[in-house]
Amino acid sequence: MKIAFIGAGSFIFARKLAADLCTYADLPAVELALMDIDAARLAVTEQIIGRLLAQHPRPIRVTATTDRLTALDGASFVVAMYDPDGLDARRREVMTCIAHGVPTAIGDTLGPAGVMKGVRTATLTLAIARDMERVCPGALFMNYVNPMAINCWIVNAGSKIRSVGMCHGLEHTRTLLAGFLGVPDHELELDAAGINHMTWILGIRHRGADAYPALWKRLPEVRHIDPVRFAVMEATGYFVTESSFHTAEYLPYFRTHFKPLHVSGEHEPGYNSGMGYWGIECIHPTTPQGGTIEPSVPLGWDIHVYERIHAKTWDRVQEQLLRGDAVELKLSEEYGTRIIHSHLTGTARTLSLNVPNHGQVPNLPDGATVELPVLVDRDGLHPQAQPPLPEPCASLCRRNIEVQSEVVRAVLEQDPRAVFNAMLLDPLAGASIDLPQMRVLYNALLTIDAGILPSWLANARR
């Protein structure tokens with residue numbers, strides 16, 4: 001049985017999933033095919049996994065290649081963990097949006113920066129899916145790449161390959177809510193459905209009892225920790241997955257008061273280690289901007305945080321390899337190996353996964369990528385039917401699905417106009433700039449991305 005990691009130079013995901021595989025003693029013999037176009041990073045991942053297997057022997061044979069078809073050939077599972085054109089491309093997109101008046105913190109899912117990343121990643125994802133049709137047509141495409149919904153949707157709409165998307169947002173939300181409620185996270189049960197990065201927590205139970213009343217009671221004490229999500233809960237009645245930084249970009253309400261400050265590592269060397277419960281080093285804005293709800297969420301936050309995290313992680317891993325440190329074996333929160341284990345052993349489990357909507361969420365569009373409970377067993381994936389989402393939860397999801405739909409259509413039909421349409425429909429862009437400014441931003445993004453865009457868009461009239 002063969003598992004292909006495409007983008008294995010993303011060694012944070014690759015080593016975590018490889019360690020997860022080693023935690024299962026009942027898996028059959030596995031060939032783990034590592035693939036990346038960056039041979040140097042690929043070699044580091046291969047060394048890490050080799051050391052892991054030396055310390056925790058399992059029937060896993062590791063191969064490494066820079067050739068995609070070689071890695072895909074005969075695979076049963078294809079795990080996507082790539083970032084086309086790297087963090088530099090997303091930095092350019094995010095900072096261009098900021099410069100043109102769209103206050104972007106993350107830019108990997110929505111907003112004009114998310115639209116451009118969506119075009120770039122969906123183009124590559126579709127090419128991989130069509131390679132899979134040639135050399136491993138029965139394989140399951142398992143996606144970790146953002147924009148999650150767009151990448152899953154392009155596979156489902158543009159190929160015959162089965163796909164599933166995996167996000168740790170619900171697990172992180174469970175941990176967060178358990179902290180607010182003062183209970184162990186493994187005791188907390190969540191009922192959740194929606195779309196990736198906007199999955200609604202429809203029910204919270206602790207030891208069988210409804211825990212939402214306790215969360216509402218705690219609200220005055222904890223609102224400041226996650227101000228955007230609690231504002232959304234007060235408005236809709238429901239908590240939502242993803243951080244305040246993410247959520248503020250998917251709605252038109254929270255960033256309209258920000259000025260287009262260039263807050264970045266170069267301009268602001270000070271870091272605030274306590275910001276937003278993350279417990280990691282974060283950029284703090286040069287001066288407070290915005291309204292009372294979100295006064296301290298900076299611009300370009302994700303890019304600069306990840307630059308620092310990636311650089312530190314890379315240095316730490318290199319040092320660990322030189323020292324020959326032991327590699328910890330611990331099952332992570334990621335769903336990927338759980339899905340593989342259920343397929344191969346028949347161990348049934350229900351996970352929150354991203355799949356095409358075929359009526360499971362009746363008030364979201366058919367064919368859109370939805371995130372909901374999916375039973376996984378030896379026979380495959382079985383999405384569980386959900387009741388209609390409460391309004392306005394469904395309406396807010398549909399607004400974002402319209403953006404995703406236009407990006408998918410743009411790639412499938414190679415239509416530059418659909419890329420601009422996606423930006424027109426985007427909540428963050430619409431709240432921040434007017435139509436002439438949006439055209440200027442669109443042209444600026446095409447210019448800065450010209451060398452990495454598919455030809456049908458790179459050559460489009462501006």
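This note covers the salt bridges of a predicted model.

1. Basis. Local features need pLDDT of at least 70, side-chain atom pairs count only at pLDDT 80 or more, and totals for chains, interfaces and linings use all residues. Residues are numbered from 1 along each chain as its sequence is written, and side-chain values use heavy atoms, with hydrogens and water left out.

2. Total. The structure holds 19 salt bridges. The term means a side-chain nitrogen of Lys or Arg within 4 Å of a carboxyl oxygen of Asp or Glu.

3. Lys16 and Glu334. Their side chains form a salt bridge at 3.8 Å, N to O. The pair links distant parts of the chain, 318 residues apart. Lys16 sits in helix α1 (residues 11-22), Glu334 in the loop between α11 (301-323) and α12 (336-345). Helices (H or I, at least four residues) and strands (E, at least two) are DSSP runs, numbered from the N terminus. Lys16 is partly exposed at 26% relative accessibility. Glu334 is buried at 1%. Buried is under 20% relative accessible area, exposed over 50%, partly exposed in between (1.4 Å probe, protein chains only).

4. Glu187 and Arg207. This salt bridge spans 3.2 Å, N to O. Glu187 lies in the loop between α7 (169-181) and β7 (188-195), Arg207 in the loop between β8 (198-206) and β9 (209-210), so the pair ties together parts 20 residues apart in sequence. Arg207 is exposed, with a relative accessible area of 67%.

5. Glu391 and Arg398. Here the N to O distance is 3.3 Å. Glu391 is partly exposed at 48%. Arg398 is also partly exposed, at 28%.

6. Network. Salt bridges link Glu406, Arg409, Glu413 and Asp415 in a network.
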